[in-house]
Every structure is written in structure tokens, then in C-alpha cells.
Amino acid sequence: MKTATATRRQLTWARRRRAVAKFWGDYRQNRAGLFGLAVLAVFVLSALLVPWIVGEDALSVTRPAGEPLQPPSGEFWLGTDRSGRSVLDLILWGSRVSLTVGFAATLISIAVGSLIGILAGHFHGWLSGLLLRVTDWFLVMPTLVLAVALAAVLGRSLSTIVIAIGVTSWPTTARLVRAQTLAVEARPYIERARALGGGHWHVMTRHVLPNVMPIVLAQTTLMVAGAILTESTVAFLGLGDPTVPSWGSTIQAARDTGAVSSGLWWYILPPGIAIALVALAFTLCGRAIEGVLNPRLRNR
Amino acid sequence: MFHTNHRGRGLRTMLAGLLITLLACATTLFAGTGAHAETKDEKTLTIAVSQEVDSLSPFLAVRRLTTALGRLSYDFLTNYDPKTGKTIPALAESWTTSPDGLTWTYKIRDTKWTDGTPITAEDARWTFDTMMKDEAAATANGNFVENFESVSAPDPRTLEVKLKAPQATMLALDVPILPKHKWEKAGDFAKFNNDKEFPIVGSGPWVISAYEVNQSITLTPNKDFWRGAPKFDKLVFRYIDDSDAQVEALKAGEVDFVSGLTPAQAKALDSAKDITVNKAKGKRFQAITLNPGARLQDGTTFGDGNKALQDPVVREALVRTIDREAIYKTAYGGFGEANGGYIPSRYKDYHWQPEGDAVIGFDTAKAGQMLDAAGYAKGSDGIRAKGGLKLSFRFNVHADNPQYIQAAEMMREWAKEAGIELKVEPVSEVGALLDAGTYDILTTGWSVNPDPDYILGINRCSGLPAKAGGPYLSDAYYCNPEYDKLYAAQLAELDPPKRAEIVKQMQEKLYEDNIFVVWGYADQLEAFRSDVIASMTPQPDPGGNYDSQDGYWSWWSAKPVGDEDKAAADSGGTSSGLVLGGGAVVLAALAAGFVLLRRRGGSAADDRE
């Protein structure tokens with residue numbers, strides 16, 4: 001009995017390894033996807049290593065490395081900000097905030113979205129109807145307005161932004177997952193599993209969940225880009241924590257300084273380009289994954 | 001299986017990513033597209049403003065823009081000489097006071113309202129009397145008449161004011177005198193905004209002739225103004241919300257005057273062609289207030305301010321962690337003066353500043369020692385505490401003031417060195433926190449008039465709210481009986497040097513108590529097109545500001561460029577050959593412009609080195 005279980009597990013894992021290898025083989029065919037992955041790797045690595053590369057001293061406004069608003073030079077590749085800190089260092093530190101918020105908000109939204117989506121797809125009747133109505137209600141809730149309202153109530157902090165994004169962005173995932181759940185549950189093997197005595201829990205976790213995971217993965221990569229963008233927008237509107245340097249708050253600080261009309265391009269452009277790059281990278285990855293999972297898209 | 005629209009969304013997200021920076025630039029570019037509707041002969045002076053109108057009724061208007069409009073369109077009894085700052089005649093030609101200082105008699109100038117009706121003492125009497133009797137009419141300037149016993153107009157040229165106690169501000173009554181014949185039928189002054197009938201009948205150098213909400217306010221000259229008519233044919237206050245957009249509009253010639261520049265903008269405009277940057281000594285102070293325990297007049301305490309701030313040692317230690325010099329060097333780009341005195345240094349007669357041992361200067365080590373001695377020991381997190389009172393303070397900063405935020409960030413780091421935690425929390429407005437007493441530290445800033453009575457008066461014990469949530473003028477919950485005694489003494493002192501001496505003692509008290517902590521005075525940064533405005537009078541003259549003056553000097557005195565050589569310009573240029581020559585001229589101009597731009601770029605780079 002014990003060996004049989006082990007063997008079954010081994011088999012499963014072997015199958016999964018094969019699937020991943022095939023997935024990677026297909027993914028590699030997509031050049032844009034590889035480019036996106038490379039850019040992401042660079043950003044994630046620098047975000048992880050920044051405390052050792054740059055050090056926290058770089059963020060001090062009372063002991064800055066340079067004079068305020070110096071243009072780019074050999075010492076400061078991207079110039080300095082209004083306090084005299086290196087803009088490059090600010091962007092490196094800012095990547096931590098942007099990526100953290102991006103992933104955290106996406107995690108909330110994916111978790112909630114998948115749960116509600118699977119439940120709404122699996123059960124029928126009043127529960128499904130109720131969940132769908134709730135989803136519809138959240139679907140039309142504007143993120144920015146909610147973020148502003150939450151910031152007023154909870155105070156300006158990163159967690160407020162994460163909650164605001166997470167709470168407003170799950171309905172798309174839920175809708176998507178529900179559709180996929182319906183498609184999966186219509187297949188004959190689900191009926192067989194039920195006939196063999198599989199309960200709701202078994203069907204949902206063993207059969208539906210693994211089959212909706214690919215779609216969830218693709219949705220995640222696409223959603224992170226949106227979340228990073230929303231974080232930047234909210235920080236840009238001055239609703240973030242000004243003492244934490246994120247990309248959005250750097251752009252806001254640059255604008256407050258009058259960077260646009262004073263020609264301080266090195267202060268306002270780099271954080272914008274960083275946001276665009278990361279959003280682009282996530283989008284490229286997401287589309288590449290989509291292409292792998294959906295053969296109809298591959299030949300386009 | 002996959003919704004196609006969600007792929008589209010991915011693409012949109014990506015594009016939006018690129019757009020977020022461009023958005024910042026775009027607002028700037030779109031703002032300057034309004035046409036410059038102006039005939040050649042009509043000289044218009046356009047001023048960019050971002051503040052909204054609260055009311056055009058001088059009884060209600062308290063904002064900078066609208067009080068300035070009141071200045072321009074209604075004459076006051078007296079005015080301030082821009083050169084000396086001393087009181088000079090305006091609507092009152094001369095004045096006398098009784099030996100006991102309780103009766104003031106003003107001789108009213110023989111001049112006319114803009115609708116041709118003569119101005120009489122009755123108009124002035126009605127204005128003050130209404131403010132005394134109608135609470136709504138006292139909204140903006142009620143403090144001036146609080147101490148009035150009665151006002152009368154024995155004849156059309158004589159105004160007589162009787163006081164309850166001597167009052168030093170009788171020659172600084174900054175109250176627009178209103179035309180009784182227009183206003184007595186206005187009805188409820190709380191609701192009357194004076195914005196239905198144009199042009200608005202007034203007596204100042206300019207007449208408000210049109211007002212489009214959040215678009216523009218247009219003024220035309222009062223040709224019969226007794227001090228002389230303004231030189232421009234039109235004065236327009238144009239709404240441009242965004243500071244960058246205002247600067248772009250100035251560069252493009254869409255507006256002729258911009259105020260409230262950031263240090264970076266002022267530096268960049270310094271090298272721009274046809275634009276003059278004015279760095280005026282500030283009439284505002286920037287400060288923080290430390291919550292000493294919010295309370296009502298009857299002593300009832302309320303709110304949840306950190307009780308540690310009620311300890312003078314903690315307050316002094318906290319003040320010692322503030323490097324005022326660094327704040328003005330970095331956050332204000334060097335355009336400002338670090339100074340702990342309450343009344344800005346531009347008012348030489350009243351300004352006081354600590355000297356020698358009295359200075360509570362920047363010294364984080366000393367702050368630490370003081371706190372050690374007082375028993376505030378550092379905890380494991382590096383924050384000091386004593387008896388459960390943690391030196392961790394909420395620091396509420398005006399979110400719309402970038403300099404405050406930058407200074408707050410700096411103060412947070414300094415305080416940390418001394419074991420004090422400041423939690424910087426930007427807020428869109430502090431009023432609610434203040435009324436509830438739910439703050440520890442707030443940023444603040446006040447404009448100071450040439451006469452310091454008002455700004456000193458806000459910190460009296462009698463200024464504390466009478467009931468919970470009641471109106472509170474100041475923002476410090478300061479109350480010191482000695483200070484109040486000095487306030488009464490200065491108000492009753494009619495000898496200016498002696499009064500100044502008392503005013504200085506009051507500032508010393510404020511400074512020692514470390515509740516109202518002034519950082520200093522930021523310069524007022526303004527810029528105007530020197531190819532439109534040839535000259536205008538600053539206040540104080542020289543070295544002062546043009547915008548929000550205590551008087552109408554700048555816009556009244558502004559001279560258009562080209563008035564002198566108008567005749568020469570009219571005789572030049574005929575139309576023959578103009579079309580042929582046009583192309584060549586355009587090319588030459590382009591080439592010249594290109595060369596000029598390159599040279600300007602070069603010189604700008606040199607400046608920065």
C-alpha cells in the first residue's frame with residue numbers, strides 16, 4: 001500500500017516535470033516572452049540585492065550624497081533628486097516597493113478571484129447567483145476612487161494601496177475562472193469522478209483547480225503590471241507614504257519640484273521609464289504564457 | 001477559452017505605463033492653448049492664479065486672491081507706504097485722536113464711487129456699523145471692530161470712532177469701505193456674494209467688470225481714481241491650476257505674471273528670455289505647532305495628543321533636533337531665511353530673533369542628553385520612553401505643500417538620532433484634526449501683515465475655542481497669561497517704539513515655550529514678462545513682492561512696455577515686399593532662434609557646474 005502511494009506520487013511528479021519541460025520548450029519559442037522574462041529577472045534581482053549594492057544610507061535626506069537637483073554625471077548616472085540623493089538609487093529602492101505592491105495586490109486578487117470563480121462555477125443555483133452579483137458589484141468599483149477613500153480612512157500607507165488594488169481587481173479573475181470551471185466540469189471525466197463518489201471538495205481541488213491554474217498564471221502576470229501601475233498612480237496622486245521611495249512617489253516629488261517646467265528630465269523620466277519597462281515585461285510574459293496555453297494564438 | 005479583451009487590456013496597461021510620465025507633461029502643454037484675445041492697442045496684464053474664489057463680498061472673503069481683489073476694487077481708510085511701510089492717507093485724508101486714545105476722527109476724501117455717487121463718511125460708518133451688528137458681516141474682518149464702542153458720521157466728511165479701550169491698529173484698519181447705497185439692500189450678508197451685478201461699484205484703482213467661475217476675473221481701470229488711473233487697460237486673473245502649466249503659460253506669453261514658483265522653477269526661469277524673476281523676502285513664516293494639550297477656554301481638555309509634549313523638556317529637545325538652516329538650504333533651494341522669530345524679518349520694527357544663549361539651536365546630542373537627564377531612556381527599538389509615555393509622535397503635514405513634506409522627512413531623520421520617532425502623515429487639511437485635538441505635531445504657516453496685531457492676537461487664551469468643535473483661529477492651543485498681558489499692553493500702547501518693544505517680548509515668550517516653533521521665512525518667488533510689464537512697485541520697495549501685497553501698488557503702478565515708444569512703432573513698416581520678404585524673415589528668425597536656444601542651453605549647463 002505504502003509503495004503503491006509512493007509510486008503514484010512519483011508518477012504524478014514525473015508527469016508534472018514533463019509538462020513543465022514542454023511548457024518551457026514552448027515558451028522559449030516566444031522571443032518577446034524571453035525578453036520580458038530577462039527584464040523581469042534584472043528588476044527582481046536588483047530589488048532583492050539593493051540593500052547590499054546601494055545600502056540604506058542612500059535614502060537619507062539629511063545626509064545626501066550630492067547637492068540637490070544635479071544633472072547626470074559620472075558620479076550620479078541619473079542625477080540627483082530635490083534632497084541631493086541619487087535618482088538611480090531611488091529607482092533601485094523604489095523597485096522593491098513597486099514589485100512588492102504589485103505581487104501582494106495580485107496575490108490577494110488571484111486568491112479571492114479563484115476561490116469565488118471556482119465556487120460560482122461549481123455550484124449552481126442561489127449560491128452561484130449571489131456570488132456573481134457580488135462579483136458584478138465589485139467589477140464596477142473604480143480602483144482609484146476606492147484607493148482615495150481608503151487612504152482617507154486607513155491613512156496613507158502601502159498596505160492601504162495593496163488592499164485597494166486587491167479588493168477591486170479580483171472580479172475579472174473570478175469571471176475568467178468561473179468560465180473555465182464551467183468548461184472543465186462539462187467534461188465527461190468529471191461526471192465519472194462524481195459517479196465514483198467524488199464529492200464537491202474532491203472535484204474542485206483535484207480536477208478543477210489544476211485545470212484552471214494555467215489561466216490563473218496568465219492572469220497573474222498580466223495583473224501585476226496593472227497593480228504596479230495603479231500603485232504608481234496612487235503614489236503620484238500623493239496618497240502613498242512620502243517617506244518610502246516608490247516610483248510613483250518619485251514622479252510626484254519631481255512634479256512638486258516643478259521638474260516639467262524646469263527641464264529636470266533626469267528626475268521625472270527614469271521612474272516613468274522603469275514603470276513602463278516592468279509593466280511591459282510582465283505583459284510580454286503574460287502573453288507568452290497565454291500563447292503556450294492556447295494553441296490557437298500560437299501561430300499568429 | 002481566453003477572452004480576447006483581456007489581451008487587449010494587457011496592451012493597454014503597457015501603454016498606460018508609458019503614459020504615466022507623459023501625463024505629467026501633458027497637463028502642462030494643454031493648459032497654454034487659450035487664445036490671446038487682445039487688440040493691438042489694448043494693453044492687458046494677465047496674472048495666473050490657482051486659488052478659487054470664496055466670495056467677492058469683502059465681508060466674507062478671507063482667501064489671498066479675494067482679499068487682494070478687495071484691495072484693488074475698494075479703497076481703505078489708510079494704506080501703507082511701499083517705501084517706508086508707514087501709514088499713509090487713502091480714503092481718509094487725515095486723522096486725529098483724543099488724548100485718551102479713545103476717540104478717533106477721520107476726514108474722508110472728497111471723491112466718487114465708480115458709478116458717480118459721491119463717497120461720504122456715511123458709507124464708512126455704515127460699513128463698520130454693519131460689521132459690529134451683523135455677525136455675518138464680521139466674518140472676514142471682525143477683529144478690527146471688536147473693540148469699537150460706536151461709529152458715527154456727524155457730517156459727510158467726518159467719521160468718528162469711539163473705542164472701549166485704546167487700540168493700536170486704528171491706522172491699520174484693513175477693511176474695504178463699501179458703498180452703502182448698493183449694499184444696504186443686499187439682504188442676508190452670509191449669503192450675499194456680490195457676484196451678480198457687474199461692473200461691481202467700488203472705489204479702488206480697478207473695477208471688477210467680469211467674473212467667470214474658475215475661468216477668469218477681469219478688471220478694468222477706474223479712470224477717475226484719485227491717486228491716478230492704472231496704466232494697463234485691463235487686468236485679468238486667469239485660472240491655471242497646475243504650477244508647471246503656469247510657468248509654461250508664462251514662457252509662451254499666455255500670462256504675464258506667475259507667483260508661487262518652486263525654487264527649481266525660479267532657477268530655470270532666471271535664464272529665460274524676456275522673463276524677470278523676483279525673489280522677495282517672505283511675509284509668511286513656516287512653522288510647526290506641538291500639541292501642548294488641546295483645551296477649551298474653561299480648561300476642559302480634549303483630544304488625544306501625546307502627553308509627553310506637555311513636558312517642556314521634551315518640547316525643547318524636539319526643537320533642538322530641527323536644523324532650520326538645512327531646511328531652507330535644501331527644501332527651499334536656498335530661497336529663504338532660517339529664523340526662529342515669529343514676525344518675519346522684513347518687518348524690521350517688530351521682528352525679534354533669539355541671540356546668544358537664548359538660541360534653541362540644532363544639536364541632536366544635546367537633545368539626547370536633555371532627555372537622558374529627564375529620565376527618558378531609549379528602548380530596544382531606539383525610541384525613548386518614560387513611565388509608559390513613548391516619544392513617538394504623529395506629524396501631520398499639509399500634503400499639498402512639497403516643501404513641508406521635504407522638511408518633515410528631514411526632521412524625521414534628525415529626531416530619530418535623538419531617539420524620538422516622528423511618524424510623517426500627510427493630510428489634505430488639518431482643520432478637523434485641530435478641532436478634535438487629535439494631533440501631536442502640525443505644520444503651519446501664516447501671512448503677517450505690516451501691523452502685527454492680528455498674528456499676535458490669535459495665540460491669546462481668549463482665542464481658545466469656547467465650546468468643543470467651536471471656531472478656533474490659531475493652530476497651537478497656546479495659552480500663556482503673561483503673553484496675554486503683554487498683548488493687552490501692546491494694543492493700548494500708542495507710542496510705536498514702545499509698542500515694538502512689547503511685541504518683541506511677546507515673541508520671546510512664544511519662542512521660549514516651544515509650542516509655536518517657527519522655522520523661518522521662505523522667499524516669495526514670482527516671475528513676470530519683462531516684454532509686457534516695464535515696471536511696477538514692489539512692497540516693500542525695494543526687495544518686496546508684487547503678488548498679494550498689503551496695498552494695490554503693484555497692479556496700480558504697473559507700466560506696459562512700449563508706452564514710451566508707441567509713436568515710433570506706429571510709423572514703421574509698409575506692406576510692399578512684405579510677402580516676399582516674409583519667407584526669408586521666417587527662415588532667419590528660425591536660424592537665430594536655433595542659435596539662441598543652443599547658446600542658452602550652453603549657458604545653463606555652465607551655470608549648473
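These legends accompany close-up views of a predicted model of a complex.

**View 1. Overall confidence of the predicted complex.** The predictor assigns the complex an ipTM of 0.80 and a pTM of 0.80. For chain B, the mean pLDDT is 84. In that chain, 86% of the residues reach 70 or more.

**View 2. Chain A, a chain of helices.** Chain A contains 12 helices and 0 strands. Its pattern along the sequence reads α-α-α-α-α-α-α-α-α-α-α-α. Along the principal axes, the C-alpha atoms of chain A fill a box of roughly 75 × 45 × 40 Å. Chain A has 300 residues, of which 47% count as buried. Take the contacts in chain A between residues at least 6 apart in sequence: 68% of them join residues at least 24 apart.

**View 3. Packing of α7(A) against α8(A).** Two packed helices are described by the angle between their axes and the distance between the axes. Here helix α7 (residues 188–195) of chain A meets helix α8 (residues 200–236) of chain A at about 140°. Their axes are 11 Å apart. The crossing of α7(A) and α8(A) is right-handed. From α7(A), Ile190(A), Ala193(A) and Arg194(A) make the contact. From α8(A), the partners are His202(A), Val203(A) and His207(A). By class, the residues of this contact are 3 nonpolar, 2 polar and 1 charged.

**View 4. An open antiparallel sheet in chain B.** The sheet has 4 strands, in the order β4-β5-β7-β6 (chain B), with antiparallel pairing. Its edge strands in chain B are β4 (92–97) and β6 (148–155), each pairing on one side only. On average, neighbouring strands of the sheet are turned by 20° against each other, direction ignored.

**View 5. The β4–β5 pair of chain B.** Strands of a sheet pair through backbone hydrogen bonds, either parallel or antiparallel. In this view, β4(B) and β5 (residues 103–108) of chain B run antiparallel, joined by 5 bridges. Thr96(B) stands opposite Thr105(B) of β5(B).

**View 6. A helix across the sheet of chain B.** Helix α3 (residues 121–133) of chain B lies across β5, β6 and β7 (158–163) of that chain. Relative to β6(B), helix α3 of chain B runs at about 160°.

View 7. Where pLDDT is low, the predicted coordinates should not be read in detail. Over residues 13–18 of chain B, pLDDT stays under 50. The model has 16 contacts beyond four places in sequence for residues 13–18 of chain B. Residues 566–609 of chain B also stay under 50 in pLDDT. For residues 566–609 of chain B, the model has 6 contacts beyond four places in sequence.

How values were computed. Residues numbered from 1 in each chain as written. Chains lettered and ligands numbered in written order. Predicted model: local features only at pLDDT ≥ 70, side-chain atom pairs only at ≥ 80, totals over all residues. Pairing = 2+ DSSP bridges. Helix = DSSP H or I, 4+ residues; strand = E, 2+ residues; numbered from the N terminus. Axes fitted to C-alpha atoms, helices over the stretch in contact; angles between N-to-C directions. Contact = placed C-beta atoms within 7 Å. pLDDT = per-residue confidence, 0-100. Left-handed = near helix turned anticlockwise from the far one by under 90°. Nonpolar A, V, L, I, M, F, W, Y, C, P; charged D, E, K, R; others polar. Buried ≥ 20, exposed ≤ 12 C-beta atoms within 10 Å, placed from the backbone.
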